[in-house]
Amino acid sequence: MSQVLMPKATAVWLVENTTLTFDQISAFTGLHPLEVQAIADGEVAGGMTGFDPTTNGQLTKEEIKRAEADKNAALKLTPRDVPMPVARSKGPRYTPVAKRQDRPDAIAWLLKIHPELQDSQVAKLVGSTKSTVQSVRDRSHWNMQNVRPRDPVTLGLCMLKDLNDAVDKARRKAAREDAAKKKAQAKAGAAAEAGKAAVVDPAAVDPTAVDPAEADQPDVSETSQS
């Protein structure tokens, strides 16, 4: 069901002007039944002017009467002819036509001042594409001779908050990758040390073992007696 306009004010009107149950009003407005009861008791929305849902086409009087006659019936929102706004799909930020020629300058500035940003982040900030960012990065852009780094915030291509958020995100990612790299290096070093420790002196394992270099040497005591 579509969202009811001004649900609390609508609930106030329904409580004051109909015999609908709290559950019926709750189901229609999306409020909790206890909140509807509090409205009826004057504990919530005190002094709020009720909003008649029949005046803006959300309900008809016949629908209210039908629900009043059957306490188990649910109110049905009247279909609206006005189309609901369509949410804009995710994609590059919209850039006014007058400012689109400034995007290469903004890209050059971001690549120079914030090299930690990924191409996708730069493209999103200024409303461009990764291919354009790459062309500015490798200086293959068709108008590269006229590109000069300029702050995208000053140019009005992005908000300072968005820029700071992107930079913080890139730095956190870089810190995580650096920590993971150091952890892997430490793990590899520990494994190497463990490998060295695994090479044990045979004499340490078997005290009776004889060093091959001393195996053919005669006993000193025997030599002196002879």
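Hi everyone. Let me start with a definition: a residue is called buried under 20% relative accessible area, exposed over 50%, and partly exposed in between. Please keep in mind that this is a predicted model.

So, R66: its relative accessible area is 36%, so R66 is partly exposed. Its salt-bridge partner is E63, with 2.5 Å from N to O. E63 sits at 12% relative accessibility, so that one counts as buried. Both belong to helix α4, residues 61-69, and because they are 3 residues apart there, about one helical turn separates them.

First up, R150 and D102, whose side chains meet at 2.9 Å, N to O. This pair links distant parts of the chain, 48 residues apart: R150 is in the loop between α7 and α8, and D102 is in the loop between α4 and α5. With 23% relative accessibility R150 is partly exposed, while D102, at 14%, is buried.

Next, D119 and R137 form a salt bridge at 2.6 Å, N to O. D119 lies in helix α6 and R137 in helix α7, so this pair ties together parts 18 residues apart in sequence. D119 is buried at 17%, and R137 is partly exposed at 40%.

Finally, the surface. K124, K169, R172, K173 and R176 form a positive patch. Which helix gives the largest share of the positive patch? That is α9, residues 160-197, with 4 residues. R172 lies in that helix, α9, and is partly exposed at 49% relative accessibility. Thanks, everyone!

Key. Residues are numbered from 1 along each chain as its sequence is written. This is a predicted model: local features need pLDDT of at least 70, side-chain atom pairs count only at pLDDT 80 or more; totals for chains, interfaces and linings use all residues. Side-chain values use heavy atoms; hydrogens and water are left out. Patches are made of residues with over 30% relative accessible area and no salt bridge: like charges are joined within 9 Å, nonpolar side chains (Val, Leu, Ile, Met, Phe, Trp, Tyr) within 5 Å. Accessible areas come from the Shrake-Rupley method with a 1.4 Å probe; for residues, only the protein chains shown count as cover. A salt bridge is a side-chain nitrogen of Lys or Arg within 4 Å of a carboxyl oxygen of Asp or Glu. Lys and Arg count as positive and Asp and Glu as negative; His and the chain ends are not counted. The place of a charge is taken as NZ of Lys, CZ of Arg, CG of Asp or CD of Glu. Helices (H or I, at least four residues) and strands (E, at least two) are DSSP runs, numbered from the N terminus. Buried means under 20% relative accessible area, exposed over 50%, partly exposed in between (1.4 Å probe, protein chains only).
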